[in-house]
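Let's take a friendly walk through a protein model together. Have a look at the chain first, and then we will go through some of its features.

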Amino acid sequence: MDDLRDKYIKLISEARDEAALEDLRVQAVGKKGEVSLKMRELGKMTPEERQAAGPKLNALKDEINSALTAKKAALADAALDERLKTEWLDVTLPGRPRRSGTIHPVSQVTEEVTAIFADMGFSVAEGPQIESDWHNFDALNIPGHHPARAEMDTFYMHREEGDNRPPHVLRTHTSPVQIRSMELAGAPLRVICPGRVYRADYDQTHTPMFHQVEGLAVDTDISMANLKWCLEEFVKAFFEVDAVELRFRASHFPFTEPSAEVDIRCSWEGGTLKIGEGDDWMEILGSGMVHPKVLMAGNIDPAYWQGFAFGIGIDRLAMLKYGIPDLRAFFDSDLRWLRHYGFAALDVPTLHGGLSR
Ligand code: PHE
């Protein structure tokens with residue numbers, strides 16, 4: 001018994017990991033372990049022998065078990081020490097403040113515009129930014145020779161030499177989404193289409209990429225009066241005032257007849273932009289009754305249906321509402337500008353909760 005004891009105490013003290021320890025436990029005090037087998041022999045002994053051997057065997061078993069437990073704890077401590085040596089953290093370092101990001105004014109205004117028109121029954125439609133020549137121009141009654149093509153300062157996509165198909169363009173307005181919506185859903189129809197548009201132009205109120213939201217309503221009894229009411233309602237809701245001074249100016253677009261452009265009274269005094277006062281006007285949208293040829297391009301019968309359409313400059317609205325004087329800064333990604341003009345991420349604009357705060 002002393003031999004057994006010496007053997008196992010030594011092996012346990014030398015065990016390198018938990019697995020080796022478990023092997024030893026099975027070998028010594030497991031069901032078929034050496035100590036357990038010895039205990040079975042007790043049955044063959046005389047009562048006197050048993051009285052002497054029994055307690056000793058039990059004591060041996062207890063001793064081995066506690067040696068195993070102690071070694072197991074020691075191994076776990078050593079493993080933890082090893083981890084602590086490699087995985088340390090300097091809690092005395094200064095903390096890093098986390099600034100939350102902000103919503104860009106263009107995103108904010110897009111959400112506001114969407115909330116207002118959704119309330120009037122318009123749903124949101126989208127189209128591609130790389131647009132076919134046909135959707136961007138021909139379908140909107142702007143044929144190949146039309147001066148509007150040149151006026152729009154169009155960006156054309158690269159074409160392989162010898163490829164004589166019309167080139168794709170970066171859409172110059174959101175009006176092609178009118179055609180795509182008509183093709184897709186037919187009449188009656190009420191959609192707004194917000195998105196990016198592109199023209200080669202750059203100054204304080206123009207950038208080569210900017211944002212528009214198109215509106216299109218097609219039904220059997222749509223008139224210019226509906227258009228005017230809708231736009232006035234929109235402008236009042238958007239600027240959160242009871243009255244705004246608007247100027248409807250007779251105009252011309254190939255895809256509407258008649259057409260009107262809408263300006264809003266503003267002032268640039270001292271370099272800051274204010275709405276509702278001053279002697280300046282800023283053009284914010286183009287509109288009109290959808291040209292019969294445009295309805296036809298969208299597979300809608302102009303003998304039965306009419307519609308109005310408008311295209312609003314989203315960036316212009318943001319400049320006016322939030323007093324941002326230079327459009328170019330919108331797209332500079334200057335963090336100081338974004339923190340100053342940005343909106344809290346969780347203030348989603350709704351008509352009942354308030355568009356802006
Ligand atoms: N597409 C025109 C533009 O970009 C705006 C517009 C849209 C005018 C719809 C009339 C109707 O200038």
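The report below goes through the ground rules, helix packing, pockets and some backbone details.

## Ground rules

This is a predicted model, in which local features need pLDDT of at least 70 and side-chain atom pairs count only at pLDDT 80 or more, while totals for chains, interfaces and linings use all residues. Residues are numbered from 1 along each chain as its sequence is written, and side-chain values use heavy atoms, with hydrogens and water left out.

Helices (H or I, at least four residues) and strands (E, at least two) are DSSP runs, numbered from the N terminus. For residue classes, Ala, Val, Leu, Ile, Met, Phe, Trp, Tyr, Cys and Pro count as nonpolar, Asp, Glu, Lys and Arg as charged, and the others, Gly among them, as polar.

## Helix H1 and its partners

Start with helix H1 (residues 2–14) and helix H2 (residues 18–29), whose axes come within 9 Å and cross at roughly 165 degrees. Axes here are lines fitted to C-alpha atoms, for helices over the stretch in contact, and angles run from 0 to 180 degrees between N-to-C directions. Because of that angle, H1 is roughly antiparallel to H2 (under 35 degrees counts as roughly parallel, over 145 as roughly antiparallel, 65 to 115 as roughly perpendicular and the rest as oblique). Where do the two helices touch? Tyr8, Leu11 and Ile12 of H1 meet Leu21, Leu24, Gln27 and Ala28 of H2, where contact means heavy atoms within 4.5 Å. This contact has six nonpolar residues, one polar and no charged.

H1 also packs with helix H4 (residues 47–86): their axes come within 10 Å and cross at roughly 5 degrees. H1 is therefore roughly parallel to H4. On the H1 side, Leu4, Arg5, Tyr8, Ile9, Ile12 and Ser13 take part, and they meet Leu60, Glu63, Ile64, Ala67, Leu68 and Lys71 in H4. By class, the residues of this contact are eight nonpolar, one polar and three charged.

## Helices H9 and H11

Helix H9 (residues 224–239) packs against H11 at an angle of about 45 degrees, and the axes are 11 Å apart. That angle makes H9 oblique to H11. Phe234, Phe238 and Phe239 of H9 make the contact with Leu317, Leu320 and Lys321 of H11. Five of these residues are nonpolar, none is polar and one is charged.

## Two pockets

A pocket is an open set of points on a 1 Å grid over the protein atoms alone, where a 1.4 Å probe fits and protein lies on both sides within 12 Å along at least five of seven lines; lining residues have an atom within 4 Å of a point. Grid points are joined across faces, edges and corners, and a volume is the space filled by probe spheres set on the points.

The largest pocket has a volume of about 830 Å³. Its lining has 37 residues, and Arg199, Gln212, Phe253, Glu261 and Glu283 lie nearest its centre. Several elements supply at least two lining residues each, including strand E7 (256–267), strand E9 (280–290) and helix H11 (314–322). The lining divides into 13 nonpolar, 15 polar and nine charged residues. The second largest pocket has a volume of about 290 Å³ and is lined by 15 residues, with Val106, Thr110, Gly195, Arg196 and His211 nearest its centre. Helix H5 (105–119), strand E4 (189–198) and E5 each give at least two residues to that lining.

## Backbone details

Which bonds are worth a look along the backbone? A cis peptide bond joins Ala187 and Pro188, with omega about -5 degrees, and Pro188 sits in the loop between helix H8 (176–185) and E4. The bond from Glu257 to Pro258 is also cis, with omega near -5 degrees, and Pro258 is in strand E7.

Asn299 is not a glycine, yet has a positive phi of about 60 degrees. Asn299 lies in the loop between helix H10 (292–297) and E10.
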